[in-house]
Amino acid sequence: MNTSSSSIWRHDQKNVMIITTAKGMTSILSGELDALGVTVAGATETGVSIRGNMHDALRLNLYLRTAHRVLWRLGEGIARHPDELLKSLCRLPWENWIPVDGYVCVTASGRSSGGDDPRFVALKTKDAIMDRMNGIHGKRPDSGPERNRTVIHIHWESRHFTIYLDTSGESLSHRGYRHQPHKAPMRETLAAACLLATGWKPGTAMVNPMCGSGTLAIEAALMASRTPPGFLRNNFGFMHALGYEEKWWKDLRTEAGGDRLIRPHSVTIMATDHDERAIAAARSNAERAGMSNWISFSVCDYSATKLPPAPGLLIFNPEYGERLGQNDDLAVMYKGIGDYMKLKAQGYTGAVFTGNVEMIKPIGLKPRLRVPLFNGPIECRLLVFDLYAGTLRDRRLRKE
């Protein structure tokens, strides 16, 4: 079995890391990594692999907007059945990574050659950790489902297993600002992915009618203010690994804080919704994120939203509807969104994120981009439109 060095905090200790994301977001995540100067070694539909040291892992937890987890490989090997897995895992130096008086959560994914359920695999992994720690120290750490301290992840596919330290702990999509979600909110990482995919430039306007709990507007404000999303959190999995170098994290936060724009700098970010409760929730979330001074909130129908001068991004996340193709009211709303973009948003980039492909046609515009993204299990599309000055005129000419 291959094992990484026991000292994960050495500057010269480089290792394989897996950075996970939602299905459909890998290319956007790769773009983020490229902007940070990180080389992607490989990619799947739900993540990428890189090489780096633990300082790099901390930096990625701080800066990445579309990642869910940063996994540090601890070891890998071959196991044909659970008993063989248990024996292999008992040989890993868990005592070098996990505090004996700490707390451990074990997660699992994949499918073994015997078809073992991931929950059973997680239990076997936890047993191996506890047996090893008991043998070394005469006692063992606590364990349970909470991911707020040390998190160990095992991926067992066919006969091959890999063990990781989940340096993120709680998913990086949990920024910590959204305490009032209001209905079914868009995940923070998905909102960031939508903004990045449209090519929006933070120096231009960003307008989000139908804003709901304000996630798109808040993520835009974080980008405009150059606030790394990890800046909002005070707890990560790496903080609970044995030998944690607190100075590394403090220095990274200081560096990130020095690059932030504390006051709005010629940026217009607007969020509107016809529901007063939605705006109240969005305001509250923005305050928790420290972004309330960056966003202008107002209660009004999307069609009454007054746009600042172009250029800018106008982005909608309308309802999908429960019965595809059977909701006439929904089609009317999507047509209204299209008409609003044609009549009032010339010079803007328009975007509509929807999980209802049958509602694309009523919009009445040809998208420049169709980006497939997933909102949980729902396959969605981010449609991006160039709303140039002749959009409505050309549409009329085509009809004639």
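**Side-chain contacts**

Student: Are Arg69 and Asp166 buried or exposed?

Tutor: Both Arg69 and Asp166 are buried (buried is under 20% relative accessible area, exposed over 50%, partly exposed in between, with a 1.4 Å probe and protein chains only). This is a predicted model, where local features need pLDDT of at least 70 and side-chain atom pairs count only at pLDDT 80 or more, while totals for chains, interfaces and linings use all residues. Residues are numbered from 1 along each chain as its sequence is written, and side-chain values use heavy atoms, leaving out hydrogens and water.

Student: What do the side chains of Arg69 and Asp166 form?

Tutor: A salt bridge, 2.9 Å from N to O; the term needs a side-chain nitrogen of Lys or Arg within 4 Å of a carboxyl oxygen of Asp or Glu. Arg69 is in strand 5 (residues 69–78) and Asp166 in strand 9 (residues 160–166), 97 residues apart, so the pair links distant parts of the chain. Helices (H or I, at least four residues) and strands (E, at least two) are DSSP runs, numbered from the N terminus.

Student: How many salt bridges does the structure hold?

Tutor: There are 17.

Student: Which residue does Arg175 bridge to?

Tutor: Glu219, with the closest N and O atoms 3.0 Å apart. Arg175 lies in the loop between strand 9 and helix 5 (188–198), and Glu219 in helix 6 (residues 215–224), so the bridge ties together parts 44 residues apart in sequence.

Student: Why does Arg175 count as buried?

Tutor: Because its relative accessibility is 1%. Glu219 is buried too, at 0% relative accessible area.

Student: Which residues do shared partners join into one network?

Tutor: Lys335, Asp339 and Lys342, through salt bridges.

Student: Switching to rings. How many aromatic pairs are there?

Tutor: Eleven. Rings of Phe, Tyr and Trp (its six-membered ring) pair if their centres lie within 6.5 Å; planes under 30 degrees apart are stacked, over 60 edge-to-face, and the rest tilted. One of the pairs is Tyr302 with Phe316, edge-to-face at 6.0 Å centre to centre and 85 degrees between the planes.

Student: What sits over the ring of Phe236?

Tutor: The charged end of Arg233, 4.3 Å from the ring centre. To count, NZ of Lys or CZ of Arg must be within 6 Å of the ring centre and within 35 degrees of the ring normal. Arg253 lies over the face of Phe231, at 4.2 Å from the centre of the ring.
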